[in-house]
Amino acid sequence: MHEEIDAVEPVHTAMTEVGADDISFSAKTEPTGTTLLRLLGPSPAVEPGIGNPHPGALILAEDSLPKCG
C-alpha cells in the first residue's frame with residue numbers, strides 16, 4: 001500500500017498547489033510495471049469530459065478556427 005501512496009502523493013501535491021479539485025488523466029501500464037500517467041489540466045477553453053479521461057468539447061471564440069501542431 002505504501003507504493004501506491006508514494007505514487008499518488010506528487011500528483012495530489014501538484015493538484016493542491018494549483019487548486020484543482022479534479023483532473024482528467026489517462027494511464028498506460030507496461031507488463032514490466034512501468035506506468036505512464038498523463039494528466040490533462042483544466043482550461044477555460046475546454047469543457048470537462050464526463051465519465052472518461054478525455055476533455056469534453058472545445059469552446060472556440062467567434063470566427064476562430066482550431067489549429068493543430
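This is a short walk through one protein chain, from its elements to its surface. The model is predicted: local features need pLDDT of at least 70, side-chain atom pairs count only at pLDDT 80 or more, and totals for chains, interfaces and linings use all residues. Residues are numbered from 1 along each chain as its sequence is written, and side-chain values use heavy atoms, with hydrogens and water left out.

Start with the elements. The chain has 1 helix and 2 strands. From the N terminus, the order is α-β-β. Helices here are DSSP runs of H or I, at least four residues; strands are runs of E, at least two.

Now the strands. β1 covers residues 24–29 and β2 covers residues 35–40. They run antiparallel, joined by 6 bridges; pairing takes at least two DSSP bridges. T29 stands opposite T35 in β2. The two strands make a hairpin with 5 residues between them. In the turn, G33 has a positive phi of about 100 degrees.

Next, burial. Of the 69 residues, 4% are buried, meaning under 20% relative accessible area with a 1.4 Å probe, protein chains only. The accessible surface is about 6,300 Å², by the Shrake-Rupley method with a 1.4 Å probe. Carbon and sulfur atoms hold 60% of that surface.

Last, F25. This residue sits in strand β1. F25 is partly exposed, at 44% relative accessible area; that class lies between 20% and 50%. F25, L37 and L39 form a nonpolar surface patch, with about 260 Å² of accessible area together.

Key
Patches are made of residues with over 30% relative accessible area and no salt bridge: like charges are joined within 9 Å, nonpolar side chains (Val, Leu, Ile, Met, Phe, Trp, Tyr) within 5 Å. A salt bridge is a side-chain nitrogen of Lys or Arg within 4 Å of a carboxyl oxygen of Asp or Glu.
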